[in-house]
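The report below describes one protein model for a reader who works with coordinates. Please look at the sequence and the structure before reading on.

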Amino acid sequence: MLQKMIIKGSKPLAGEITVSGSKNAALPILIASIMAPGRFEFHDVPDLMDIHTTAGLLRELGAEVDHQKTFVVDSTPINNYEASWDLVRKMRASFLIMGALISRFRRARVSLPGGCELGLRPVDQHLKGLQCLGVKISEEHGLVIADAAALRGGKVVFDFPTVGATENLLMAAATAKGETVIQNAAQEPEVVDLARALTAMGAKIEGAGKETIRIQGVESLRPITHTIIPDRIEAGTFMVAAAITGGSIIMKNTPTAMLVSVMEKLAESGVSFQETADGIKVVGPEKIRPVDIKTLPYPGFPTDLQAPMTSLLTIAEGTSIISETIFEKRFAHVAELIRLGADITIDGRSAVIKGTGGLLGAPVMSSDLRNSAALIIAGLAAHGTTEVYRIYHLDRGYERMEAKLALLGADIRRAPQDD
Ligand code: EPZ
C-alpha cells in the first residue's frame with residue numbers, strides 16, 4: 001500500500017538527533033564484499049530500502065546476508081555472475097557489481113541501467129574505463145557482458161569526474177595485473193570510504209580523494225570488518241530543516257569536514273553553527289538571506305542537497321539562483337513547491353527563486369529521493385497541512401526521517417495513501 005507523509009508546519013525544530021551511516025558509501029562497500037570469499041562485518045549500515053535491494057543483489061549472486069544491527073555477508077558460496085534487470089531497475093547502483101564481479105571472477109553479466117527520473121544517466125564512462133583495463137565489453141538483450149580474462153592495469157582518463165565509474169574502476173583495478181592510473185577521478189568522501197575498505201581488504205590504492213588515483217593490482221583480497229562513514233547528505237538535509245523552521249538543533253555524528261561547501265552556503269543565508277561537546281549546534285535565522293548556488297562535483301556543493309536548498313530559499317528575503325550542473329533533469333520538486341506558494345522559474349539548468357512571505361500547506365507529489373526530502377522540509381515551514389505523496393522514494397535513502405523529525409518536535413506522521 002502506498003503511503004504519504006502528513007506534516008503540520010510552522011514549528012521551529014529543537015532537540016538532538018544522530019546522523020546515520022552513509023547510504024552512498026554503504027552501497028559500493030557492501031557490493032565490494034563479493035570480491036573476496038569469506039565473512040565480512042559492516043557497522044553503521046543504515047536500514048533503508050536501497051540497502052535491502054543491495055542485500056537482495058548479494059543473495060541473488062549466492063552470498064549469505066544477515067542484516068541485524070551489524071550487516072554480515074558471507075560471500076564464499078557465490079555462484080552466479082549476473083545482476084538481473086529486476087535489481088538494476090530498482091536501484092542503478094546495482095551496476096557497481098560489474099567491477100566487483102570482474103575483480104573476483106573475471107566475468108560479469110549486468111543489466112544495462114535505463115534512464116531515470118534525473119535524466120539519461122549513461123554508463124559510458126564505466127564501460128570506457130573497464131575497456132582501458134583490457135575488459136571486453138559486449139551488449140546483448142539489454143545486458144552488458146564483460147569478459148575480463150585479460151584484465152590488466154591501464155590508464156583511465158574520465159571525461160569528467162563520475163562517482164560510480166570511479167568506484168567500478170577501483171574495484172576492477174584492485175586485482176588487475178599491474179598498475180592502474182585513474183585521472184579526473186571523483187573525489188567524493190564515499191569514493192574515499194570505498195578505497196579505505198578495499199585497502200583494508202589488501203588492495204594497494206594511493207590518492208583516493210584526489211584527482212589522480214593509482215592502484216597496484218594484488219593477487220587476492222581478504223574479508224574485513226568496516227564501519228561506514230556518516231551520511232553527509234542526511235546531515236545537510238537536517239541542517240536545512242533546522243534553518244527553514246528557524247529552529248535550533250544539535251546533531252551528533254555529523255561529518256562537518258565533508259560539508260564545508262554546504263555549511264558555507266547555509267552560513268551565507270544566515271544559519272549559525274557551533275561545535276559543542278554533544279555535536280554541532282545548528283541555529284536557523286529569523287530571516288533567510290538569498291544565496292546563489294551551483295552544484296558541482298565534490299568538494300563543490302552536492303547535487304543531492306540542491307532540492308532541499310531550493311525549499312529553504314523559497315522563503316528567503318530576495319532572489320536566489322540555483323544552477324544544477326550534475327544532472328540534466330533534477331527540478332521535479334519545483335512544480336510541487338509552486339503548489340505550496342513558491343515563486344520559482346526554471347531557465348534551462350537554473351532555477352530562479354524569488355522569496356515569498358511564506359508557504360501554504362497543500363498536497364504534493366514526490367518523484368525521487370531528494371525531492372521527497374525537499375517537500376517534507378517545505379512542509380515543515382508551510383502554514384497548515386502539507387501531504388507528501390509517494391513517500392516510498394524517501395524510504396530508499398533516509399533512515400526513519402519522520403521519527404527523527406518528530407524527535408525534534410515536528411508534527412509529522414505517515415498514513416496510507418488511497419491510490
Ligand atoms: C552518485 O551517483 C550518487 N549515487 C548520487 O546520489 C549522486 O547524486 C551522484 O553520485 C553525484 O554526486 C550513489 O552514490 C549510489 P555520477 P552516480 O556517475 O555515481 C553522468 C542519491 O540521491 N555520467 O557521478 O550515478 C551522469 O549522468 C543519488 O543518493 C555519464 O554521463 O553519479 C551525471 O550527469 C542520486 N556517464 C554525472 O555524470 C557515465 O558513465 C555524474 O554522475 C557516468 C556518469
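Are Phe-40 and Phe-42 buried or exposed? Both Phe-40 and Phe-42 are buried, where buried means under 20% relative accessible area, exposed over 50%, and partly exposed in between, with a 1.4 Å probe and protein chains only.

The model is predicted, so to speak of local features requires pLDDT of at least 70, side-chain atom pairs count only at pLDDT 80 or more, and totals for chains, interfaces and linings use all residues. Residues are numbered from 1 along each chain as its sequence is written, and side-chain values use heavy atoms, with hydrogens and water left out.

**Aromatic pairs**

Rings of Phe, Tyr and Trp (its six-membered ring) are taken to pair if their centres lie within 6.5 Å, and planes under 30 degrees apart count as stacked, over 60 as edge-to-face and the rest as tilted. By this rule the model has 2 aromatic pairs. One of them is formed by Phe-40 and Phe-42, a stacked pair with 6.0 Å from centre to centre and 15° between the planes.

**Domains**

An automatic or database domain assignment supplies the domain bounds, and it divides the chain into domain 1 (3-19 + 230-416) and domain 2 (23-227). The C-alpha centres of domain 1 and domain 2 are 31 Å apart. Counting a contact as heavy atoms within 4.5 Å, 20 residues of domain 1 are in contact with 19 residues of domain 2.

The size of an interface is often given as the accessible area lost when the parts come together. Here the buried area is the accessible area (1.4 Å probe) that two parts lose on being put together, summed over both; domain 1 and domain 2 bury about 1,700 Å² between them, with 51% of it on carbon and sulfur atoms. Tyr-298, Arg-396 and Glu-399 supply 35% of the area that domain 1 buries against domain 2, more than any other three residues.

**Strands and sheets**

Helices (H or I, at least four residues) and strands (E, at least two) are DSSP runs, numbered from the N terminus, and two strands pair if DSSP finds at least two bridges between them. An open sheet with mixed pairing is formed by 4 strands in the order β22-β23-β1-β24. Its edge strands, each of which pairs on one side only, are β22 (363-365) and β24 (411-416). Within this sheet, strand β1 (residues 3-8) runs antiparallel to β24 and is joined to it by 6 bridges, and Met-5 stands opposite Arg-414 in β24.

Elsewhere, strand β17 (residues 279-283) is joined by 4 bridges to strand β15 (residues 248-252), and the two run antiparallel. Strand β16 (residues 272-276) also pairs with β17 in the antiparallel sense, over 5 bridges, and a hairpin joins β16 to β17 through 2 residues. Val-283 in β17 is the bridge partner of Ser-248, and Val-283 is likewise the bridge partner of Ser-272.

| Residue | Relative accessible area |
|---|---|
| His-226 | 5% |
| Asp-50 | 3% |
| Ala-235 | 0% |

His-226 lies in strand β14 (residues 225-227). Leaving aside residues up to four places away in sequence, His-226 touches Ile-29, Glu-41, Phe-42, His-43, Asp-193, Arg-196 and Ala-197, so that its neighbours include Phe-42, a residue that is itself buried.

Asp-50 is placed in helix α2 (residues 49-60). With the same exclusion of residues up to four places away in sequence, Asp-50 touches Lys-23, Leu-27, Met-91 and Arg-396. The C-alpha atoms of Asp-50 and Tyr-81, which are 31 residues apart along the chain, are separated by 20 Å.

Ala-235 is found in helix α8 (residues 232-244), and its contacts, again not counting residues up to four places away in sequence, are with Val-19, Met-251, Thr-254, Pro-255 and Leu-259. Although Ala-235 and Ser-20 are 215 residues apart along the chain, their C-alpha atoms are separated by 8.4 Å.

**Helix α11**

In helix α11 (residues 332-339) the buried residues are His-333, Val-334, Glu-336 and Leu-337. These buried residues pack against α10 (306-313), β20 (343-347), β22 and α12 (369-381). Just after α11, Gly-341 takes a positive phi of about 105°.
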